[in-house]
Amino acid sequence: MKPSLYIHIPFCKAKCPYCSFPVVVGQDERRWAYLVELGREMARHATTAVATVHVGGGTPSFLSDADIAGLAAMVRKNFVAEEHAWACELNPESVTRAKAEALKAAGFTRVSLGVQSFQEKYLRLLGRLHGRADALRAFELLRAAGFKNINVDVMFGFPGQATEELDADIDALVALGSEHVSLYALTVDEKSLFHARGVKVCDEQQADGYRRACARLNDAGLVQYEVSNFAREGFMSAHNLNYWQGGDYIGVGMGAHSHIDGVRSWNADTFPRYMAMMQASGSAETGREQLDAARKMMETFLFALRMVAGVDMAVLQQRFGCEFPRGCRDELDALAAEGFIFKEGTRVRVTDKGRLVLDEIAARLI
Ligand code: SF4
């Protein structure tokens with residue numbers, strides 16, 4: 001299986017208070033210098049064939065139209081990339097007609113729009129720089145540019161969010177008619193400004209909201225295939241499927257992670273350090289570890305449990321040439337008895353009840 005390629009664009013106009021991603025605010029004038037270092041990093045993998053290309057962030061749409069063309073040229077120069085699976089993340093306020101057309105001309109086939117909510121009060125709470133009208137306009141511009149595969153990111157579980165407000169967001173989302181939806185509960189990460197401000201979310205409210213949103217999306221023909229992802233037929237995310245199936249991936253850019261042939265590595269996750277390391281040595285790698293077959297199998301298993309279809313343990317054992325430990329199999333039996341997972345022969349999948357507590361399930365299985 002060919003690896004996927006992830007390119008991290010760390011620039012953002014402002015830091016959203018819930019964000020814990022490696023980002024850099026402003027630094028507009030250093031955009032091109034960063035792209036040059038990305039090119040040098042890509043050159044280390046030159047001629048590798050990749051199945052998918054995903055540009056994420058940060059805010060990739062912070063790049064100028066010329067930057068986007070330059071980045072696409074760098075990818076084509078250094079990789080043998082499948083042309084039908086190029087994706088880019090966008091923030092609504094930075095989508096213009098010219099940018100949508102530049103992305104299409106550069107060869108991107110899928111775009112992912114960070115809408116998060118259709119309600120002004122929650123967009124303000126999240127510190128987003130766009131309003132509802134910007135999101136609707138961005139979507140239309142992307143359609144007009146010819147994008148037939150659009151994902152929309154939406155969040156739920158905001159403090160105090162009423163059921164009717166969640167329903168209104170899902171209705172607005174369905175009305176857009178995107179081919180794919182990623183649905184995330186608001187989390188308060190320890191590294192976020194929300195955490196410093198003492199923002200709290202309610203687990204029960206989020207569990208109810210999740211069940212309700214999943215049902216409404218499925219009813220609208222956006223079929224859930226992963227814990228947070230829904231797609232119309234033929235529009236599952238090829239890039240993410242590779243992660244969830246334990247495929248290899250090459251990550252370039254600040255804070256990017258890679259996994260190639262059992263070796264996991266990661267880059268410096270601050271802008272000054274990434275740039276300094278790249279300029280000094282052509283590598284920003286700050287750590288690496290070798291995963292043995294048993295660990296790689298367990299990681300693949302836990303990722304695959306995120307898929308609604310579940311995972312065949314016998315297939316994984318054959319693929320990795322080792323067996324699941326006795327303790328893990330006993331814990332799976334206990335989780336099945338408690339109604340968190342469903343076992344059918346060697347196939348295991350998480351139940352609706354289990355999908356709400358995936359992290360706890362993973363902790364019990366490791
Ligand atoms: S949530 Fe997105 S737009 Fe906001 S700071 Fe983080 S990466 Fe940037």
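Author: Domain bounds here come from an automatic or database domain assignment. This is a predicted model, in which local features need pLDDT of at least 70 and side-chain atom pairs count only at pLDDT 80 or more, while totals for chains, interfaces and linings use all residues. Residues are numbered from 1 along each chain as its sequence is written.

Reader: Which residue ranges does the domain assignment give?

Author: The assignment divides the protein into two named parts, and the C-alpha centres of domain 1 and domain 2 are 29 Å apart. The ranges are 4-243 for domain 1 and 294-365 for domain 2.

Reader: Which element gives the most to the side of domain 1 that touches domain 2?

Author: Two residues are in contact if their C-beta atoms, placed from the backbone, lie within 7 Å, and by this rule seven residues of domain 1 are in contact with seven residues of domain 2. Helices (H or I, at least four residues) and strands (E, at least two) are DSSP runs, numbered from the N terminus. On the side of domain 1 that touches domain 2, the elements giving two or more residues are α8 (203-219) and β11 (223-226). The element that gives the most, with three residues, is β11.

Reader: What radius of gyration does the protein have?

Author: The radius of gyration is taken over C-alpha atoms, and the globule rule is 2.2 Å times the number of residues to the power 0.38. The C-alpha trace spans about 55 × 50 × 40 Å along its principal axes. Because a compact globule with 366 residues would have a radius near 21 Å, the protein's value agrees with the rule, and that value is 21 Å.

Reader: Which residues surround the ligand?

Author: A residue counts as near a molecule if its C-beta atom, placed from the backbone, lies within 6 Å of it. The shell around the ligand is made up of C12, K15, C16, C19, F21, V23, G57, G58, T59 and N91.

Reader: At what angle do the axes of α13 and α15 cross?

Author: Axes are lines fitted to C-alpha atoms, for helices over the stretch in contact, and angles run from 0 to 180 degrees between N-to-C directions. C328, E331 and L335 in α13 meet I361, R364 and L365 in α15. The axes of helix α13 (residues 326-337) and helix α15 (residues 358-365) come within 9 Å, and their crossing angle is roughly 145°.
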